[in-house]
Amino acid sequence: MQKTWYRQGADLLKEIHDTKLSDDTLAFWYLGQCGFVFKKSATVYIDPVLNDITDDTGETRRLYSSPFSPGQVQADYVLCTHGHLDHLALDTLTAIAAADSHTVFIVPGACVSILTEAGISSDRIMAANAHHTLVFPGLTIKPVSAAHPVHMTDNAGNDTALCYYLIMDGIRLLHMGDTYLTDQLLNDLQALPVPHLFFPPINGGDYFRTARDCIGNLSYIESAHLAVLLHADMTVPTHYDMIMGNTIDPTIFLRELWMQNSAAKTHIPMLGERFFYHL
C-alpha cells in the first residue's frame, strides 16, 4: 500500500509554526498511526513516530515515510501513551530533545527510565500516572489508565499505558493511545467532561496478530459505540494505516458510527492535513 502525504517536509513544518488561531479554535495535524500535532497556545505532539521501524531482517515495517525529520520538530510538549515503538519512538524523542532544548516530554511513569537511559535529561521528563492531573501554561493533562492488554503498573505503582484527556485553552480532547475497553476504563472516561474531540484506535485484534505478539485494540465497532456513549462532539479514528500487517480500512468506522448515530460528526484526516476544530 503506497501512502502519500497531503503536506510534508518544510511546507508542513512551516504551516504548523505559522498557524494562528482564534480563542475558539484548535488546529491539529495527522502524522500517522496514533501520531498527532495539536496547536492552541501550546504545541503538543502525541505519539509521533518520525523514524523508521524495521523487522528482524532490517526491512521497514512502515507503509509510508516520515513527513519530516524529528530534528526539525519545534514542540512545547511531546506525549507518549506507552512504551511500544510505534508510540514511544526513541529515535524520534532523542532527536527532538537534541534539537529543541525547551521541549518537555510526558510519558507514563513506568516509561521514564526508557528516556533517561537514552540520554534525555530527567529535568525535561514528566511522569504521568492515572488520576494525577498535570497543569502547564495553556495545557491541562488528565491521564487515564489504559488496558494494553490489561491495566498494569510497575513495581513502584507507575502506569505502563495511558489515555490522555487534554484541555487546551478550554478545548477538550481525548486521545486513547492503545487500549481494550474495560469496566474501569469506561467508568473513568464517563467521569470526565464530554470531549470535544475523541481519538480512538480502530484496528481491533484477532488470533493471527495475537500469535505474532501484536497486542490488539478497540475495534471499530467498540470505538463507534464508545464515541456515542461519551457524547463526543467529533470523533477521529486512529491506528489503522502505518504498520504492515496491522491495518484496517477506516471507512468501515464511518459506516459503523453512522449506523449507531447518524448525527455523529467524524473525520478521517489525510496524512499531514491541517484540520481546524471550532467550538
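This is a predicted model: local features need pLDDT of at least 70, side-chain atom pairs count only at pLDDT 80 or more; totals for chains, interfaces and linings use all residues.
Residues are numbered from 1 along each chain as its sequence is written, and side-chain values use heavy atoms, with hydrogens and water left out.

**Stop 1: a sheet.** Select the seven strands that run β6-β5-β4-β3-β2-β1-β14; they make an open sheet with mixed pairing. (Helices, H or I of at least four residues, and strands, E of at least two, are DSSP runs numbered from the N terminus; two strands pair if DSSP finds at least two bridges between them.) Look at β6 (125-128) and β14 (274-278): each has a single partner strand, so one side of each has no neighbour in the sheet. From one strand to the next, the twist averages 20°. (Axes are lines fitted to C-alpha atoms, for helices over the stretch in contact, and angles run from 0 to 180 degrees between N-to-C directions.)

Contact here means heavy atoms within 4.5 Å.

Zoom in on β4 (residues 77-79) and β5 (residues 104-108), which run parallel and are joined by three bridges. Pick Tyr77 and you'll find its bridge partner, Val104, in β5.

**Stop 2: Asp47.** Go to the loop between β3 and β4, where Asp47 sits. Is Asp47 buried or exposed? Asp47 is buried, at 0% relative accessible area. (Buried is under 20%, exposed over 50%, partly exposed in between, with a 1.4 Å probe and protein chains only.) Leaving out neighbours within four places in sequence, the contacts of Asp47 include Cys80, His87 and His175.

**Stop 3: the other sheet.** Select β7-β8-β9-β10-β11-β12-β13, seven strands in an open sheet of mixed pairing. β7 (134-136) and β13 stand at the edges. Helix α4 (residues 183-190) packs on this sheet, touching β8 (139-145), β9 (162-168) and β10 (171-175). β12 and β13 pair in the parallel sense over two bridges, and Met234 has Lys265 in β13 as its bridge partner.

**Stop 4: helix α7.** Finish at residues 251-260, where Ile252, Phe253, Glu256 and Leu257 are buried. They pack against α6 (220-230), β12 (234-235) and β13 (265-266). Turn to the other side of α7 for Trp258 and Met259, which are exposed.
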